[in-house]
Each structure stands twice: as structure tokens, then as C-alpha cells.
Amino acid sequence: MMHAEASAILDQLVPALRQAQHVVVLTGAGISAESGLPTFRDPMTGLWAKYRPEELGTPQAFRQNPRLVWEWFAWRRELVQAASPNPAHQALVAWEQYVPQVTIVTQNVDGLHQYAGSSRVIELHGNLRRFKCFEDNQPVTEWPTTDDIPPHCPRCGGLVRPDVVWFGERLPEQALHDALAASKQADLFFSIGTSGTVEPAASLPYRALDRGATVVLSNLEVPNRATPPLYYLNGQAGILLPELLQRAWPASKAHKTITNHDA
Ligand code: APR
């Protein structure tokens, strides 16, 4: 159910969305929560309950215990492979039918925006289904079958690691450049399902605000508050985004679900 205050804010956003030329949507783990993927603030479960992501997702942890870190990512990869895009991902795909330019800037490594069908997705933190060499950062697409965990790079024998950005690592330069350029160009900017605690992504909404964009910050913690051009919107992405789509373009239909299994 939607809170009356959230509903009133959605009404205020309808004209901005209808008129927008370039909408940028920054997403975080919360947009995939309704696909069954845990966020980083959720305590880890099962085998991994005694660890925190900040302990496992670092180059130091990989150096110390590569097998443990590899297996954590293997577990996360399995969860992602079993997950499907949810109505929030699908609503963003549908926006492309009406808004001249929609750019998704995601901190997620699950690839669900692409599976849903979004056409312009900038991945700030990489993708856990890609791999690279721990020694020289070159992409690794295959390796000889052995029992080694992690496997070894076929070129140099270094360890293979997931192609994601770990704590303390720099973001891919091109992705960061493109995300910043899009944010400065946006006339409407949404931050969806991110706690806004990890830089530089956390600053992107403010870069957009500086350039005159309407900015909407939405997760499960913010209050509902309209202080145009900045709006805070509390609620589940899988309810709010399809509802906004429906109100802006009543005849619209979000795209049919495409599951990972079709890929
Ligand atoms: N709809 C909308 N928002 C949600 C939902 C939902 N269904 N479920 C959870 N949220 C919100 C929470 O309220 C929280 O603000 O999603 C946010 C999740 O926050 P984090 O777990 O901190 O995820 P994120 O912001 O993506 O983390 C940033 O930190 O650990 C690193 O590299 C990792 O990319 C990650 C980065």
C-alpha cells in the first residue's frame, strides 16, 4: 500500500516526467531487493552470516584468502542467476517509450537492468558475471578446467577475480566520466534504492541539482518531503516506479518480464 504523502509526491512528479528530455536514474541494491537479492545493509544469511561485505569485498581479503572471497562471489552469482527483473526495472524500460533519453547509472553488479531491457546502462561497480586478472586487470573470459579455486589466468597464471569494484578500489574511468556527464545533463534525476553512502555515486544527484535538474531521492529510509526541485520519496521501488509510469502515461504497460534463464 502506498502512503498518501508518497502518492501526493508522485502526482507532483508527473509533469516533470512527462516533459523531461533526459532522465537519469541512479540505482542501488534496493532496486533489486524485490527480485530477492539482499542489499548490503541486510545482514548476510546462512554460511555467510558471520561476515560483512566490507570484509570480503576488498583486494586485501582476496590476497589473504582468495578462495573465501571467490566463493562468496560464486554464491552471489548463483543468487543473481536465479533472479529476474522486477516491476521497478520494467517500469524504467517502459519510460524509454516516452522520454527521449533515459540513462541508468547503476551501482549494482547483477545485470538486471540489461536483462529487463534498458538500453543505456552505465555500470559503476562492474558486473559479477564478468572476470578479470587480479595481476593486470585484463578481462578473462575463459580458463582451463582445473580444481583450482579461484582459477588461474590463462595468459599470466595470476588469479582470476570478479570484474567488480571492491572497497577501496577506483571506479572504471569511462563509466564514471559518462555517469557524471549524464548527471550534469539530466533535467530529471532519480536516485532509487541506494543508501547514498558510497562515493562517488552518492554525489551524482547533487551534481544534477547544481545544474538545475529536478531530483528525487527514494529508498525505504527517507521521509516523504517535497522541497522542489528536491523531492524525498519513501517506498518500494517496485510499487512507486510502475505507479509513476501509470500516472504519467495511463495507457502504458511495463515490458513483460524477461528472466535470466532466457539469456
Ligand atoms: N525499494 C526501494 N528501496 C529499497 C528497497 C525497495 N524494495 N529495499 C531496500 N531499499 C533501500 C534501502 O532503504 C537502502 O537505502 O535500498 C538501499 C540499500 O542500500 P545499500 O545496501 O547501502 O546499497 P547501495 O546503496 O547500493 O550500496 C552502495 O555499497 O557495499 C557497497 O559496492 C556496494 O554498490 C554497493 C554500494
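Here is a short tour, stop by stop.

Before you click, note that this is a predicted model, in which local features need pLDDT of at least 70, side-chain atom pairs count only at pLDDT 80 or more, and totals for chains, interfaces and linings use all residues. Residues are numbered from 1 along each chain as its sequence is written, and side-chain values use heavy atoms, with hydrogens and water left out.

**Stop 1: the ligand.** Select the ligand and the 21 residues around it; Phe-40, Arg-41, Thr-194, Ser-195 and Glu-221 come nearest. (To be near, a residue needs a heavy atom within 4 Å of the molecule.) By class, this shell splits into 7 nonpolar, 11 polar and 3 charged residues. Here Ala, Val, Leu, Ile, Met, Phe, Trp, Tyr, Cys and Pro count as nonpolar, Asp, Glu, Lys and Arg as charged, and the others, Gly among them, as polar.

Now look at some atom pairs. A polar side-chain atom of Glu-221 sits 2.7 Å from a ligand oxygen, and a polar backbone atom of Ala-29 is 2.8 Å from an oxygen atom of the ligand. For Thr-39, an N or O atom in the side chain is 3.5 Å from a ligand oxygen. How much of the ligand does the protein cover? On its own the ligand has 740 Å² of accessible area, and the protein covers 93% of that (Shrake-Rupley method, 1.4 Å probe).

**Stop 2: Thr-39.** Stay with Thr-39, in the loop between α2 (30-33) and α3 (53-56). (Helices are DSSP runs of H or I with at least four residues, and strands are runs of E with at least two, numbered from the N terminus.) A polar atom of the Thr-39 side chain lies 3.3 Å from the backbone nitrogen of Arg-41. Leaving out residues up to four places away in sequence, Thr-39 touches Ala-29, Gly-30 and Ala-33 (contact means heavy atoms within 4.5 Å).

Stop 3: Next, pick Asn-137 in the loop between β4 and β5 (139-140). Its phi is positive, about 65°, although Asn-137 is not a glycine.

**Stop 4: two cis peptide bonds.** Where do you find cis bonds to prolines? Glu-199 and Pro-200 are joined by one, with omega about 0°; Pro-200 is in the loop between β7 (188-192) and α9 (204-210). Another joins Pro-228 and Pro-229, with omega about 5°, and Pro-229 lies in the loop between β9 (225-227) and β10 (230-234).

How values were computed
Polar contact = N/O pair within 3.5 Å; in protein donor to acceptor, adjacent residues only side chain to side chain.
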